[in-house]
Structures are given as C-alpha cells and as structure tokens.
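Please read it with the model open.

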Amino acid sequence: MSGRQKDSLPPDIVVKNYWSNNEVFSDLVNAVLFRGEQVIHPEELMDRDTDNSVVKERNDGVLNSVKGSRDSIKIHKRTTVHGEELVLLGLENQERIHYAMPLRVMGYDHGIYQKQYNDNVKKFRASLKRDSVSDDEFLSGMRRTDRFVPVVTVVVYYGEKPWDGAKTLHEMLDIPESMKRYVNDYRMILVEARENGLEFHNKNNRDFFHLLEIILDTGISKKVAKEKAIRYCRENQTDRDVIIAAAGVTDTKLDYNLLVKKEGDTMCTLFEEIAKEGEARGETKVNTLITKLSELGRIDDIIRSAADSVYQQELFREFGL
C-alpha cells in the first residue's frame with residue numbers, strides 16, 4: 001500500500017477512555033470537590049452503566065421512552081461502621097459552551113434518580129405479597145424508609161474561550177427579586193480545563209491539564225504552543241495516553257499509526273498534527289471574520305487586522321469567533 005491508513009479518533013471517545021481510569025478519575029474528583037484531599041480512593045470506584053433511558057407512563061396510559069446517556073458514571077462504595085456508603089459520581093465533557101448546561105445537568109441527574117425510583121418500585125411491588133405496607137407507601141411505590149443513592153456531576157469544559165454561560169439554574173431564569181428566594185436553584189460544578197487552579201496528585205492529570213493550558217492558549221501562536229508542548233512532554237516524560245487525550249479534546253485528528261514510533265518522533269509528529277489542526281481552524285476563523293466585516297462594509301478593519309494580530313483577536317471576540 002502506498003498510502004497510510006488513518007484512524008480518526010472521535011474526541012468524546014478519546015476523553016471518555018482517559019477518564020475511565022479510576023486513578024485519574026478519583027484524583028479529578030478529589031481536586032474538584034475536596035481541594036486535593038484524598039477522600040475518594042481508586043479502589044473504592046466501580047463503573048456503572050451510563051444509560052439513563054427511562055420509560056414514563058402518561059395519564060392516558062401511553063408509555064413514552066426518554067433516552068439519555070452520561071459520559072462517565074462511577075459508583076463510590078465505601079464500607080463504614082454503619083454499613084456501606086454509596087455515591088454516584090458523574091462526569092460530563094464539554095468541548096463547547098452550552099448556554100443551557102445547568103438544565104442539562106439537572107436532566108442528567110434527574111434521569112439517574114428516576115431510574116433508581118423505577119428500580120425501587122419493581123422491588124417494592126415484588127415484595128407486596130410478603131410484607132404489609134401503608135396506603136401512602138402503596139400509592140408512592142416505595143416505603144417511607146427507602147432511600148436513593150445521591151448523584152454528584154462534574155462538568156469539564158475544554159474550550160479556548162472562557163465559559164460565559166450560566167452555572168446555575170437561577171442564572172438561566174428571569175426571576176423577580178421578590179420571588180427569587182422561593183424558586184429552587186440547581187448549581188452545576190464546572191471545571192475550565194484551560195484555567196482551573198486545581199491541585200492534582202496524579203502525574204497524568206497534572207500533565208493532561210498543563211498540556212491543555214498550552215494548546216488552548218490563544219495568547220500565543222500555534223507554533224509557539226507546539227514547541228512548548230513538545231518541550232514539556234520531553235522534560236516530563238508525558239504518558240502517551242495523556243498526549244492522545246489532550247489532542248483528542250482539542251479536536252485534533254490523529255494518525256494513530258504514528259504513535260507506535262519511537263517516543264521522540266511520536267511527540268514531534270503528534271504536535272505537528274495539533275499545529276496543523278489549529279492552523280486550519282485559524283484559517284476558517286479568519287475567512288469568517290473577513291466575510292462578516294465585508295458584509296458590514298468595514299474594509300479598514302480587514303486591512304488593519306491583517307497587519308495587527310492583537311486587533312484581529314479583538315475582532316474575533318467581537319464576533320464570537
């Protein structure tokens with residue numbers, strides 16, 4: 001064969017694979033929730049089905065299916081003096097800003113609670129022949145003492161732009177001040193990969209987020225970013241899976257066969273791919289900017305932006321590019 005076969009790795013698959021490792025997952029949760037304190041340990045985590053699909057019955061008896069899927073869910077299971085302590089930990093990966101993200105997170109969490117309730121109802125009904133229940137319990141489909149497992153969801157955002165969307169349900173609502181205290185809120189836990197200030201103990205996580213800071217830095221050219229990334233990987237002997245994940249979440253197309261080459265060549269070639277992808281995105285942004293400025297008759301701005309990169313960045317921000 002004269003050509004090289006390329007395997008395109010979808011960004012969502014690459015990053016899901018990275019976070020499937022219990023050591024990096026627990027380190028992220030500890031950094032986000034407990035400021036680096038080692039509260040959750042890798043051996044206490046178990047993978048859980050990410051399918052949140054549920055079936056709901058309408059008042060007219062018609063059944064509707066509601067489909068949903070999480071990026072990553074793990075069960076934190078710890079034995080205590082009183083029994084077992086369980087918490088469901090969810091992770092959502094965002095490559096772009098979603099202005100309804102608090103609502104989406106609320107929906108994801110609701111899906112898990114709804115599924116727990118549905119499963120509980122089945123067990124409850126199966127036990128009715130054996131145990132006596134009150135009228136209220138029969139109507140509820142659960143006993144007064146039944147409890148569900150709590151859900152904690154962390155959203156990791158991998159975009160270049162600072163997150164300017166809502167982080168709570170209240171921020172999405174137009175609430176009269178007099179009514180605000182009575183409207184239930186829902187807060188999402190957001191991590192911006194480019195700038196987060198988190199304290200990681202796991203080396204792969206430190207390398208992963210440091211590479212993202214370099215690659216997503218819009219204040220430097222892609223050439224400088226490539227050089228910094230290669231130098232960092234060489235000096236810190238960055239794991240190959242970390243490099244793949246960092247390239248994946250920045251939407252970089254990889255020739256997977258190149259990764260079997262010797263380590264030095266792998267890093268250079270990989271970040272050349274990153275640079276090419278970045279340059280391609282940059283060209284698209286410039287072409288879009290020129291089109292928008294032309295439509296507005298701002299010819300002077302086109303000429304100035306071609307010679308002044310700082311002014312060009314200002315125009316990118318003005319048009320949300």
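Predicted model: local features only at pLDDT ≥ 70, side-chain atom pairs only at ≥ 80, totals over all residues.

The points below go from the whole chain to single residues.

1. The chain has ten helices and seven strands. It holds 321 residues, and 39% of them count as buried. Its accessible surface comes to about 19,200 Å². Carbon and sulfur atoms own 48% of that surface.

2. **Contact range.** Take the contacts between residues at least 6 apart in sequence: 63% of them join residues at least 24 apart.

3. **Main core.** Which residues have the most contacts inside the largest nonpolar core? They are Trp 19, Leu 28, Val 156, Tyr 158, Phe 208, Phe 209 and Leu 212. The core itself has 39 residues. In soluble globular proteins, nonpolar side chains tend to be buried together.

4. **Second core.** There is also a separate core of eight residues. Val 105, Val 155, Trp 163 and Met 188 are among them.

5. **Leu 28.** This residue is one of those with the most contacts inside the main core. Leaving out residues up to four places away in sequence, Leu 28 touches Trp 19, Leu 91, Val 156, Phe 200, Asn 205 and Phe 209. Trp 19, Val 156 and Phe 209 are on the most-contacts list too.

6. **Phe 208.** Phe 208 sits in helix α5. Its relative accessible area is 0%, so it counts as buried. With residues up to four places away in sequence set aside, it touches Tyr 18, Trp 19, Tyr 158, Val 242, Ala 245, Ala 246 and Val 249. Phe 208 and Ile 243 are 35 residues apart in sequence, yet their C-alpha atoms are 7.3 Å apart in space.

7. **Strands β6 and β7.** β6 covers residues 151–157, and six of its seven residues are buried. Its partner is β7, residues 189–192. The two run parallel and are joined by four bridges. Within this pairing, Val 155 stands opposite Leu 190 of β7.

8. **Salt bridges: the count.** How many salt bridges does a search of the whole structure find? It finds three.

9. **Lys 74 and Asp 47.** The closest N and O atoms of this pair are 2.4 Å apart. Lys 74 is in strand β4 (residues 72–80) and Asp 47 is in strand β1 (residues 45–47). The partners are 27 residues apart and link distant parts of the chain. Is Lys 74 buried or exposed? It is buried, because its relative accessible area is 2%. Asp 47, at 59%, counts as exposed. I would look at this pair on screen.

10. **Asp 207 and Lys 203.** These side chains meet at 2.5 Å, N to O. Both residues lie in helix α5, four residues apart, about one turn of the helix. Asp 207 has a relative accessibility of 2% and so counts as buried. Lys 203 is partly exposed at 34%.

11. **Arg 194 and Glu 195.** Here the closest N and O atoms are 3.5 Å apart. Arg 194 is buried at 17% relative accessible area, the cut-off being under 20%. Glu 195 counts as exposed at 58%.

12. **Nonpolar surface patch.** Leu 103, Met 172, Leu 173, Met 179, Tyr 182 and Val 183 make a nonpolar surface patch of about 520 Å². Leu 103 is placed in helix α3 (residues 101–126). Its relative accessibility is 42%, so it counts as partly exposed.

13. **Positive phi.** Arg 35 has a positive phi of about 55 degrees, although it is not a glycine. It is in the loop between α2 and β1, and at 77% relative accessibility it counts as exposed. Gln 237, also not a glycine, has a positive phi of about 50 degrees. It is found in the loop between α6 and α7. With 63% relative accessibility, Gln 237 counts as exposed.

Definitions and conventions
Residues numbered from 1 in each chain as written. Heavy atoms only, no water. Buried < 20%, exposed > 50% of the residue type's maximum accessible area, 1.4 Å probe, protein only. Pairing = 2+ DSSP bridges. Patch = residues over 30% accessible without salt bridge, like charges linked within 9 Å, V, L, I, M, F, W, Y side chains within 5 Å. Areas by Shrake-Rupley, 256 points an atom, 1.4 Å probe, with all protein chains shown as cover. Salt bridge = Lys/Arg side-chain N within 4 Å of Asp/Glu carboxyl O. Contact = heavy atoms within 4.5 Å. Core = buried A, V, L, I, M, F, W, Y, C linked by side-chain atoms within 4.5 Å.
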